Amino acid sequence: MSFADSFLQGLMPSVCQKCSDWAQNRRVMPSLIDPSVLRPYSWEYHPWVREMHDSQASFNCAMKSAQMGVTEVGINRAFYVLDQLKRDVLYVLPTTLNASDFSKARFSVALKHSPYLASLFTDTNTVNLKQAGDKNLYIRGSRGDSNLKSIPVSELILDELDEMDQKQIWLALERLSGQMRKSVWAISTPTIPNYGIHKLYLSSTQEHFVFECPHCSRWTELKWPERGEKGSIEIIGESLHDPRCHDSFLKCKECDAKLDHQDKPNWLSGGTWQTTAPNANPDKRGFHVNQLYSFTVSPGELVEAYFRGLGDEAAAKEFYNSKLGMPFIGEGAQITDAMLDDCIGNYTRDEVRPRVGARDRLITLGVDQGKWSYWTAVEWFVDRLSRDVNVAAKGKVLAHGKFHEDDWHELDLLMREWQVQACVIDADPQINEARRFAKKFTGYAYLCRYRRGKVGKEISISERETGAPLATVDRTNWLTAALSRFRTKRITLPRDVSLEYREHMKHLVRTYEKDEMGNPVAVFVETGPDHYAHSLNYAEIALPLAASITTGQDVEKFL
Ligand SMILES: [Zn+2]
């Protein structure tokens, strides 16, 4: 035996092992077919994960449908890096609660099934820190004060990226980008376009899992038919309750021959990943897999989910995100340039200001504060101040702008310049400045916080928390009221409206999240800076308050 051979033989089992081999040898899992049976980890039913384990790229993202075995890749990577590469690992989940559930359930179960893994860890008592000798596995939630960027690791795994605090994640990624040796894995079901995992995927190699068709021997992939393109499923049946749905079947999109769902382990086992973005940086690999590949979801079930989504936006989102592993945006869920163009009026931001002391114009001011505070002044036109004033009124954006945190006095000037009848400003982050302002303009200025548990357009006002009138409102319902004006043309913009203003309006996208009961609820997600959109929303919230101030009646009379 040559020196090189003996050298390799000595090292192979412990150091040079590939992650996929390591996982097969060291992980023990309940069987997919019969969970009461334990067997060595295998990718027989998820052949696409084998190559993912062994990616050498510094940066990897997996945009996946639900239950495709991809999260297990993240877990295997974490254990492998600790055991074989002897490096610290940071494993991030969306919330602290997710992190502790993960630690108790998946982590502990993995150790319970595998004596090797159990022997690797020297201390597992702390929920968010597991020690393997002098190496650490940190398990953290992305939200709150977890301060991810302070944990010194070169191995980062982000599990369910789209549910995470995106600001924290970009900071953590930015911090890693300067390091020579690093490995990042971001895994998630996508939500909306250009957000979270989809945003990362777009800058990657965008690989699809391809296989050789057992009938025509051409290389192909499993694809849902979209926009007139040929797909790999024959949809049978006409609606959700059509029993023929279950006769739907997979087919090769090259030769149309039927591909047997039950026989997938055979015809998918030789598959491989193929890039669809040949010019992308090969050090940034992206993987995408949909449920047409699943061994546990039948073609009939997919077709049912598809029919359920026709005419039901929340169900359509579920179909695209969880079944196809694709981002989804509902109709009218995002403001477009065309909508904004349709709302441009024939005036500029330099129009005549209201006369001082004359209360003949109904003007409100909304302010989204921060290092820079963004404001919008809106004039409202309504026949009569009555119930549902926000529905009845048409708005005209008179002007917009921003001032720096050193120039809060500019807000006082704006109140006079526009003879503002009601101003709503968000209470945070500079609560003291906001309070000082509200006290100076008592009766005309309100602080505001978005809060869960408010119904419809309800506005609760209390001075208890902040020492100045604080309006608490539901974020989604008010943003819907303010932003839907662009779709229904119930607002006009000056023709010199800034590009930044337009961009901010487009950055809030309506989508759905599951509540505690698993029911879909609408939410607005920010896909970029959105301060002007919130300033417009605060001006909208100020309208019923202005009606209340003007008439001396309770604000509820106008909601
Ligand atoms: Zn074929």
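Where does P429 lie? P429 sits in the loop between β19 (422-426) and α15 (431-440). I start there for its backbone. The peptide bond from D428 to P429 is cis, with omega near 5°. Most peptide bonds are trans.

A caution before going on. This is a predicted model.

Now the overall picture. The protein chain holds 18 helices and 25 strands. Its C-alpha trace spans about 100 × 60 × 45 Å along the principal axes. The chain has 559 residues, and 53% of them count as buried. Take the contacts between residues at least 6 apart in sequence: 66% of these join residues at least 24 apart.

Next, surface and charge. The protein chain exposes about 25,300 Å². Carbon and sulfur atoms supply 50% of that area. On charge, there are 69 positive and 74 negative side chains. The centres of the two sets lie 3 Å apart.

On to the metal. Which protein donors hold the zinc ion? They are C213, C216, C252 and C255, each through SG. The donors lie 2.3 to 2.4 Å from the zinc ion. Along the chain their spacing reads C-x2-C-x35-C-x2-C.

What is the arrangement of the 4 donor atoms? It is tetrahedral, because the angles they subtend run from 104 to 118°, and all of them need to lie between 85 and 135 degrees for that label. For reference, the ideal angle for four tetrahedral donors is 109.5 degrees.

C213 counts as buried, at 2% relative accessibility. C216 is partly exposed, at 23%. The cut-off for buried is under 20%.

Back to the backbone. Most residues other than glycine have a negative phi. Here are two with a positive value. D256 has phi near 70°. D256 belongs to the loop between β12 (249-251) and β13 (258-259). With a relative accessible area of 41%, D256 is partly exposed.

The other is K489, with phi of about 55°. K489 is found in the loop between α16 (475-488) and β23 (491-492). K489 is also partly exposed, at 48% relative accessibility.

Last stop: Q291. Is Q291 buried or exposed? Q291 is buried, because its relative accessible area is 3% and the cut-off is under 20%. Yet Q291 is in a loop, the one between β15 (284-289) and α10 (299-309). Leaving out residues up to four places away in sequence, Q291 touches S65, A66, M68, V297, L302, S322 and K323.

Notes. Residues numbered from 1 in each chain as written. Predicted model: local features only at pLDDT ≥ 70, side-chain atom pairs only at ≥ 80, totals over all residues. Heavy atoms only, no water. Helix = DSSP H or I, 4+ residues; strand = E, 2+ residues; numbered from the N terminus. Buried < 20%, exposed > 50% of the residue type's maximum accessible area, 1.4 Å probe, protein only. Contact = heavy atoms within 4.5 Å. Areas by Shrake-Rupley, 256 points an atom, 1.4 Å probe, with all protein chains shown as cover. Lys, Arg positive; Asp, Glu negative; His and termini not counted. Charge placed at Lys NZ, Arg CZ, Asp CG, Glu CD. Donors = N, O, S within 2.8 Å, 3.2 Å for Na, K, Ca; no water. Tetrahedral: all angles 85-135°; square planar, octahedral: opposite > 155°, others 65-115°.
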